[in-house]
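Student: I am new to this structure. Please take me through one part of it closely, and then through what surrounds it.

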Amino acid sequence: MADQDEQRYGEYVAVKRHGEHVAELAMDRPKAMNAVSTDMARALTAATDALAADRTVRTVVLTSTHDRAFCVGADLKERNSFTDADLMRQRPYTRAAYTGVLELPMPTIAAVHGFALGGGFELALSCDLIVADPTAVVGLPEVSVGVIPGGGGTQLLPRRVGAARAAELVFTARRVEAEEAAALGLVDQLVGAGEDRTEALALAARIARNSPVGLRAAKRAMRLGHGLDLRTGLDLEDGAWRSVAFSGDRAEGVAAFNEKRTPDWPGE
């Protein structure tokens, strides 16, 4: 992957802008099907830190440059050489990578084709929406190699599909193909073969037409409110509303609506 508008983060991660407000976060370790090594984890963290700080970015699309895989999870070849101490030293780097995607303040979309397994599926689950093509195969197989999902899977999957369904998927370690994944809600949108990236970028562009202040506040309210009792959640929503009600974006949105024109969001 090479482009004049591309910013590289280490050897394995690239960020490319599509227009002013959509950023593509591309995993680019094709020889290892994007297996998450220590170096790749560090690169993902650096890239998500930069994106989180960029107020011009309104949506992020997480993609893969490999034609047969989104990401196959942890780099088990690297880990096979680790001592117990090495594994413990690596843990903060891998956890920071998954958290970096999860805590991006703007809406995020994963574009999935091929294998999205273990940590690869957890990266997709860390996004707000998952667009997949018919080749997608997802799953959390960690218990089959003696560990557990450690990139958010035990927490994110139940929130997406419910406790019992998540338990079945985690305990059996089974792989789920695209059609069943869509039926179970493991992915949100099933598109034509090879169209996951294109459709995810198109969806991101539609989202990016909206207020960046509103988008970030809405995401914050939904993320923080999940699992709270209704009254507490509504109080949290009220706080998020108050944070945007007197913003420049709110004033511009109301003015544009009344003047029947496209808003020119100030982003503040």
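Student: Is aspartate 54 buried, partly exposed or exposed, and at what relative accessibility?

Tutor: Keep in mind that this is a predicted model. Aspartate 54 counts as partly exposed, because its relative accessibility is 22% and buried means under 20%. Its salt-bridge partner is arginine 17. The closest N and O atoms of the two are 3.1 Å apart. Arginine 17 sits in strand 2, residues 13-18, while aspartate 54 sits in the loop between helix 1 (38-53) and strand 4 (59-64), so the pair ties together parts that are 37 residues apart in sequence. Arginine 17 is partly exposed too, at 25% relative accessibility.

This pair is one of 15 salt bridges found in the whole structure. Now take another, between arginine 160 and aspartate 188. Here the N to O distance is 2.9 Å. This pair also links distant parts of the chain, 28 residues apart. Arginine 160 belongs to helix 5, residues 153-161. Aspartate 188 lies in the loop between helix 7 (178-184) and strand 11 (189-190). Both partners are partly exposed: arginine 160 at 23%, aspartate 188 at 42%.

Next, look at glutamate 252 and arginine 261. Their closest N and O atoms are 2.6 Å apart in a salt bridge. Glutamate 252 is buried, because its relative accessible area is 13% and the cut-off for buried is under 20%. Arginine 261 is partly exposed, at 34%.

Now turn to two buried residues. Lysine 219 is in helix 9, residues 212-225. Its relative accessible area is 6%, so lysine 219 is buried. Its side chain reaches the backbone oxygen of methionine 106 at 2.7 Å. Beyond its neighbours within four places in sequence, lysine 219 is in contact with several residues, including Leu104, Pro105, Pro107 and Asp128.

Serine 126 is the other. It occupies the loop between helix 4 (119-125) and strand 8 (129-132). Serine 126 counts as buried because its relative accessibility is 1%. Leaving out residues up to four places away in sequence, serine 126 touches Tyr98, Val101, Leu102, Thr108, Gly151, Leu156 and Arg223. Leu102 and Thr108 are on the contact list of serine 126 and also on that of lysine 219. Glycine 253 is 127 residues from serine 126 along the chain, and their C-alpha atoms are separated by 30 Å.

Note on methods
Residues are numbered from 1 along each chain as its sequence is written. This is a predicted model: local features need pLDDT of at least 70, side-chain atom pairs count only at pLDDT 80 or more; totals for chains, interfaces and linings use all residues. Side-chain values use heavy atoms; hydrogens and water are left out. Helices (H or I, at least four residues) and strands (E, at least two) are DSSP runs, numbered from the N terminus. Buried means under 20% relative accessible area, exposed over 50%, partly exposed in between (1.4 Å probe, protein chains only). Contact means heavy atoms within 4.5 Å. A polar contact is a pair of N or O atoms within 3.5 Å; within protein, one must be able to donate a hydrogen and the other to accept it, and residues adjacent in sequence count only if both atoms are side-chain atoms. A salt bridge is a side-chain nitrogen of Lys or Arg within 4 Å of a carboxyl oxygen of Asp or Glu.
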